[in-house]
Amino acid sequence: PKAGTLYCMEEGKEPLPMAEGITIPNGMAWTEDNSCFYHVDTAEGCVRGYAFDLETGKLGERRTVIRIDAKDGSPDGMCMDAEGKLWIALWGGGRVIRVDPATGEWMAEVSVPASRVSCCTFGGPELNELIITTAMDENGNGGEVFIAETDVKGVPAFRYGKGYGEEHPVAVITGASRGIGRQTALLFAERGYDVAVHYNTG
């Protein structure tokens, strides 16, 4: 417990620890003006928020902005929309919820026919399609990718570093040799992304 750490990575430098004492650090999101950073702590069932300094990468005081009741599932992956609201995948909850980080209000949800909802992101030509990944459970259910059209738009993904990918979208997919990874890779390829695949050969 509380053994996880958030690191800041800068080109040509060693990773720098920015926040410690996190049990399972997970989904991350920044506000459009880069003034605030959010991340999930899955084991604690919450989303933490920090003031963020774009120039230094330093985080302000940690605060809990959202708490998820265990009966609703565990927060996993996360993304932000253009209105500054967070979309949180609920592992064991079979849905993605839209929450206002300023108030903690649960504003909307998208349910899918799979319990282990792992992550979400916005895509599509208008950035209004919520792409939802799921993992297979012990009964063989899940392990699929779902797309739901929403009434709000997402924001373009932040990119790390410079160079390849600035003029053409790139998706890096882990575990793409089979199952959900392969489905995800094919989905992004069909939508015009260059797909970089990483998987274990052992």
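Buried here means under 20% relative accessible area. Keep that cut-off in mind while touring this predicted model.

**Stop 1: the cysteines.** Select Cys 46. Its relative accessible area is 0%, so Cys 46 is buried. Now select Cys 8. This residue is partly exposed, at a relative accessible area of 24%.

Stop 2: Switch to a cartoon view. Four strands form an open sheet in the order β3-β4-β5-β6, with antiparallel pairing. Colour residues 25–30 for β3 and 63–67 for β6. These are the edge strands, and each pairs on one side only. From one strand to the next, the twist averages 25 degrees.

**Stop 3: β4 against β5.** Select residues 36–41 for strand β4, then residues 46–51 for strand β5. Six bridges join the two in the antiparallel sense. Which residue in β5 is the bridge partner of Cys 36? Select Ala 51 to see that partner.

**Stop 4: the rings.** Show aromatic side chains. The structure has four aromatic pairs. Start with Trp 30 and Phe 37: their ring centres lie 4.8 Å apart and their planes meet at 45 degrees, so this pair is tilted. Phe 37 is buried, with a relative accessible area of 4%. Trp 30 is partly exposed, with a relative accessible area of 25%.

Notes
Residues are numbered from 1 along each chain as its sequence is written. This is a predicted model: local features need pLDDT of at least 70, side-chain atom pairs count only at pLDDT 80 or more; totals for chains, interfaces and linings use all residues. Side-chain values use heavy atoms; hydrogens and water are left out. Rings of Phe, Tyr and Trp (its six-membered ring) pair if their centres lie within 6.5 Å; planes under 30 degrees apart count as stacked, over 60 as edge-to-face and the rest as tilted. Buried means under 20% relative accessible area, exposed over 50%, partly exposed in between (1.4 Å probe, protein chains only). Two strands pair if DSSP finds at least two bridges between them. Axes are lines fitted to C-alpha atoms, for helices over the stretch in contact, and angles run from 0 to 180 degrees between N-to-C directions.
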